[in-house]
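Have the structure open as you read.

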Amino acid sequence: MALADLHTKIDLQNSSQLSYVSTRLSYNHRISLRPLPQPHNSRICCSVTSKEVQAPVTVNTEEPKKKPDCYGIFCLTYDLMAGEETKSWKKLINIAISGAAGMISNHLLFKLASGEVFGPDQPIALKLLGSERSFEALEGVAMELEDSLFPLLREVSIGIDAYEVFQDADWALLIGAKPRGPGMERADLLDINGQIFAEQGKALNAVASRNVKVIVVGNPCNTNALICLKNAPDIPAKNFHALTRLDENRAKCQLALKAGVFYDKVSNVTIWGNHSTTQVPDFLNAKINGIPVKEVIKDTKWLEEEFTEMVQKRGGVLIKKWGRSSAASTAVSVVDAIRSLVTPTPEGDWISSGVYTAGNPYGIAEDIVFSMPCRSKGDGDYELVKDVIIDDYLRSRIKMTEAELLAEKRCVAHLTGEVRIKFPSSRILQLTL
Ligand SMILES: NC(=O)C1=CN([C@@H]2O[C@H](COP(=O)(O)OP(=O)(O)OC[C@H]3O[C@@H](n4cnc5c(N)ncnc54)[C@H](OP(=O)(O)O)[C@@H]3O)[C@@H](O)[C@H]2O)C=CC1
Ligand SMILES: O=C([O-])CC(=O)C(=O)O
């Protein structure tokens, strides 16, 4: 059945009643958007245009059930029964997104709502987290989502309180964080951004689904993910990811360029370690057309130096050229990262993700978030890939990025609950690297 056929038509004869009040609560600086009370006996008519399934036309004589903090059109009740009857639609999932008024989100939200991420049979609710400073922008984003008429987008709510927005989240995409500017390293953001992830970890722990999958994008994403998971002890540490998929995509592109093939021919690319300039794009295990990269690109000096540095510094070069950090390609890589967890990894291939190192088979220090090769059965979970080769070159590079992450971890010990004293992070990093 075509999705368009299932698109619910809504008679908006009472749309003038769907205005909103902003309620500012002094406690927690919480702002909630709530629909004004509907008068009794109001009519909201919904019909489904599908020939196969007719959802009942609802003539609601009672006050409609309100969804807390919903936005605009998404406050109307709707009927998913039609989809359930035909088994053509899955159960609604809740996706929480922080930094929802930012640049990356602006690309990502429309991809999520279109169905290209979770599939054309997966209705979604978007729960957007902003702040007082971004609240109007967030309303603008919600308005654009309304105007896009996405059939699968069933709920949109906006808020500035993580404890409300993360309620029952099945996925949490943590993007909201200050980006670096020209001349900065991502670790310079630890002081500013680390606290955000401690608070959001606590909120997830309190209200999200117990099996929520968390993808941390805000930089420095590995250590932010560590902070987040340490503050969410009731959620499995395995459910937290730091986004290194953009680095994997960048590495694939450069290898393809050098080999003169299109990038779909490049597979088995691992990014090891930190999403920083110490990351290790692994050309030893990578393949082009199923053949080890080193047999296709025989220029080892290029692989060890130019290629490696190009991938490590791609984000910084882009900032210099564009004046701001990558947004569209990051959103695409978030899509790739999610799809790689909800669809089975192609036979023999793997994907890179920054994950918790507990019990890893590579001898990497435990208790950090480190990008490693993963495979998924498509159930949202993953396993580490065991059959990879690690030679002396790779081992020495992995040690460098590991040292950086251990140093970052020491800097945020006050946020992970390990010590209570706050150190100036940049100084510690300089001393220990
Ligand atoms: N892992 C990766 O591969 C990549 C990670 N990134 C990182 O993603 C994050 C978001 O990037 P992007 O969407 O482009 O950034 P934007 O500046 O467009 O938006 C970031 C959002 O973060 C929130 N925020 C929280 N604290 C601050 C702060 N101190 N200063 C500014 N904004 C803050 C703001 O939302 P609000 O006010 O609503 O809280 C803001 O809208 C950055 O940390 C960036 O470095 C970027 C590219 C790739
Ligand atoms: O470089 C940055 O700061 C943004 C980012 O993480 C990237 O583009 O990889």
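Start with helix H3 (residues 103-114) and helix H11 (residues 328-342), whose axes come within 8 Å and cross at roughly 40°. Helices here are DSSP runs of H or I with at least four residues, strands are runs of E with at least two, and both are numbered from the N terminus. The axes are lines fitted to C-alpha atoms, for helices over the stretch in contact, and angles run from 0 to 180 degrees between N-to-C directions. H3 and H11 are therefore oblique to each other; angles under 35 degrees count as roughly parallel, over 145 as roughly antiparallel, 65 to 115 as roughly perpendicular and the rest as oblique. H3 passes H11 in a right-handed crossing, a label used when the near helix is turned clockwise from the far one by less than a right angle, with left-handed for anticlockwise.

Who does the touching? On the H3 side you'll find Ile104, His107, Leu108 and Lys111, and on the H11 side Ala328, Thr330, Ala331, Val334 and Val335. Two residues are in contact if their C-beta atoms, placed from the backbone, lie within 7 Å. Sorted by class, this contact of H3 with H11 has six nonpolar, two polar and one charged residues. For those classes, Ala, Val, Leu, Ile, Met, Phe, Trp, Tyr, Cys and Pro count as nonpolar, Asp, Glu, Lys and Arg as charged, and the others, Gly among them, as polar.

A quick word on what you're looking at. This is a predicted model, in which local features need pLDDT of at least 70 and side-chain atom pairs count only at pLDDT 80 or more, while totals for chains, interfaces and linings use all residues. Residues are numbered from 1 along each chain as its sequence is written, and chains are lettered from A and ligands numbered from 1 in the order in which they are written.

Next, find helix H8 (residues 245-259) and helix H10 (residues 300-322), which pack at an angle of about 140° with their axes 9 Å apart. H8 and H10 are therefore oblique to each other, and their crossing is right-handed. H8 brings Asp247, Arg250, Ala251, Gln254 and Lys258 to the contact, while H10 brings Trp302, Phe307, Met310, Val311 and Arg314. That contact of H8 with H10 has five nonpolar, one polar and four charged residues.

Now for the domains. The chain is divided into domain 1 (69-77 + 90-242) and domain 2 (245-411), with bounds that come from an automatic or database domain assignment. Their C-alpha centres lie 24 Å apart, and the contact takes 31 residues from domain 1 and 31 residues from domain 2. Which elements give two or more residues to the side of domain 1 that touches domain 2? They are H3, strand S9 (213-216), H7 and strand S10 (240-242). H7 gives the most to that side, with six residues.

So let's finish with H7. The axes of helix H7 (residues 221-230) and helix H12 (residues 392-411) come within 10 Å and cross at roughly 45°. That makes H7 oblique to H12, and the crossing of H7 and H12 is right-handed. Asn222, Thr223 and Leu226 in H7 meet Leu405, Glu408 and Lys409 in H12.
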